[in-house]
Amino acid sequence: MTFPIRTRTQVETIAPYVLGQSLEDVKKELGLTHIRKMSENENVYGTSPLVKQIILGSLDNLHLYPDGAVRDLRLKLAEFYGLDANQFILGNGSDELIRVLTRTYISPEDEAVMGDVTFPRYKTNVLIEGGKPVIVPLVDGVHDLNNMLESITPRTKMVFVCNPNNPTGTIVGKDELLHFIQSIPEQVLIVLDEAYFEYVTSEDYLESIPLLKQHPNLVILRTFSKIYGLASLRIGYGIAHPALVGELLKVKEVFNANGLAQISALAALEDQGFIISCTKLNEEERNKMQLAFSGMDLPYFPSQTNFIMVDTKTSGELVSSELLKKGFVVRSGHLLGYPSMFRVTLGTSEDNEAFRTALNEILSRKVE
């Protein structure tokens, strides 16, 4: 039966975000007792012990509404970055802030420029507002900033650069990105999504915070979901010119950042030793994994994140399915625009070694 009430035309053109099965469902279906989840880019090392302590000490306050202005966390972020508190806006994950940005600035027929294989919620939210996504192909898994610049027209309202890029894990060079930002017309909003920036160890990565003074059309998105390990609490933040933040505050939900998320983010920021440790451990495992892929003669995109996209030279979906039978959940590339690839989140040293053994066994059978 067709549902009698029609959706908006814009909603008819989009598909739901693809979510995998629950781990319990996978266990039951395949008769597995243990599964290693290596598909969602979560921090395998968890979160700071300070976070757990503060949550346990706050359970008596669950009946209270959170601070809608998120004052304490904005002040703490301002101190951490050496900026003003009115340059920050908090969201239910940084993906909510993408929705707030498009809802605030995209009108019907406005254009927004983005890569062809990048975080899909850029395109979805532009479409929901009646805008037109202008899709520019990546080159070797990297944003083609020259072609993105050439794609800007008088109708362009916004450009998205995911750096490092999800799902490819690549970065654009600092000089190239700086030239790009300096070349964007002042009436076009630059959304620089840096959800994974804490994992970056390359010296060719642009420090974006100092650019905010010279570029009031720049918005930097960051999150506590990745290296800070607060994915289940859903809290991210945007950094921008105070006037721009003021416009976004008109659109965001009043209590969009829950109370436990706010105090947990405060505690997480205090423990920078934990973040440094995670960056170091991740780099070690990333190097080992990329070296192993080279040894298997498997091409991959050079990553600056906690995940890697690797080319199986066959069906990425089939290899992903075979890995699942062995208890490893990865993200098949056919969902991400690369049908012969899959994306694997880096786990612990033990996880990664077991994963490589399983992958070798599968590929030695010449999966077709």
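**Figure 1. Parallel pairing of strands E6 and E7.** Strand E6 (residues 189-193) and strand E7 (residues 218-223) run parallel and are joined by four bridges. Two strands pair if DSSP finds at least two bridges between them. Ile 190 has Leu 218 of E7 opposite. Helix H4 (residues 71-81) packs on the sheet and touches E2, E7 and E8, its direction making about 125 degrees with that of E2. H9 also packs on the sheet, where H9 touches E2, E6 and E7 at about 30 degrees to the direction of E2. Contact means heavy atoms within 4.5 Å. Helices (H or I, at least four residues) and strands (E, at least two) are DSSP runs, numbered from the N terminus. The model is predicted: local features need pLDDT of at least 70, side-chain atom pairs count only at pLDDT 80 or more, and totals for chains, interfaces and linings use all residues. Residues are numbered from 1 along each chain as its sequence is written, and side-chain values use heavy atoms, with hydrogens and water left out.

**Figure 2. The open sheet of seven strands.** The strand order is E2-E8-E7-E6-E5-E3-E4, and the pairing is mixed. E2 and strand E4 (132-136) are the edges; each has a single partner strand, so one side of each lacks a neighbour in the sheet. From one strand to the next the twist averages 20 degrees.

**Figure 3. Packing of helix H5 against helix H9.** The axes of H5 (residues 94-105) and H9 (residues 242-249) come within 9 Å and cross at roughly 90 degrees. H5 is therefore roughly perpendicular to H9. Val 100, Leu 101, Thr 104 and Tyr 105 of H5 meet Leu 244, Glu 247 and Leu 248 of H9. By class, the residues of this contact are five nonpolar, one polar and one charged. Ala, Val, Leu, Ile, Met, Phe, Trp, Tyr, Cys and Pro count as nonpolar, Asp, Glu, Lys and Arg as charged, and the others, Gly among them, as polar. Axes are lines fitted to C-alpha atoms, for helices over the stretch in contact, and angles run from 0 to 180 degrees between N-to-C directions. Angles under 35 degrees count as roughly parallel, over 145 as roughly antiparallel, 65 to 115 as roughly perpendicular and the rest as oblique.

Figure 4. Three strands in the order E9-E12-E11 form an open sheet with antiparallel pairing. Strand E9 (307-311) and strand E11 (331-332) are its edges, each pairing on one side only. Two bridges link E11 to strand E12 (residues 341-345), and Ser 332 has Phe 342 of E12 as its bridge partner. Helix H11 (residues 272-295) lies across E9 and E12 and runs at about 5 degrees to E9.

**Figure 5. Arg 356 in helix H13.** Arg 356 is found in helix H13 and counts as buried at 9% relative accessibility. Apart from its neighbours within four places in sequence, Arg 356 is in contact with Lys 288, Met 289, Ala 292 and Met 296.

Key: Buried means under 20% relative accessible area, exposed over 50%, partly exposed in between (1.4 Å probe, protein chains only).
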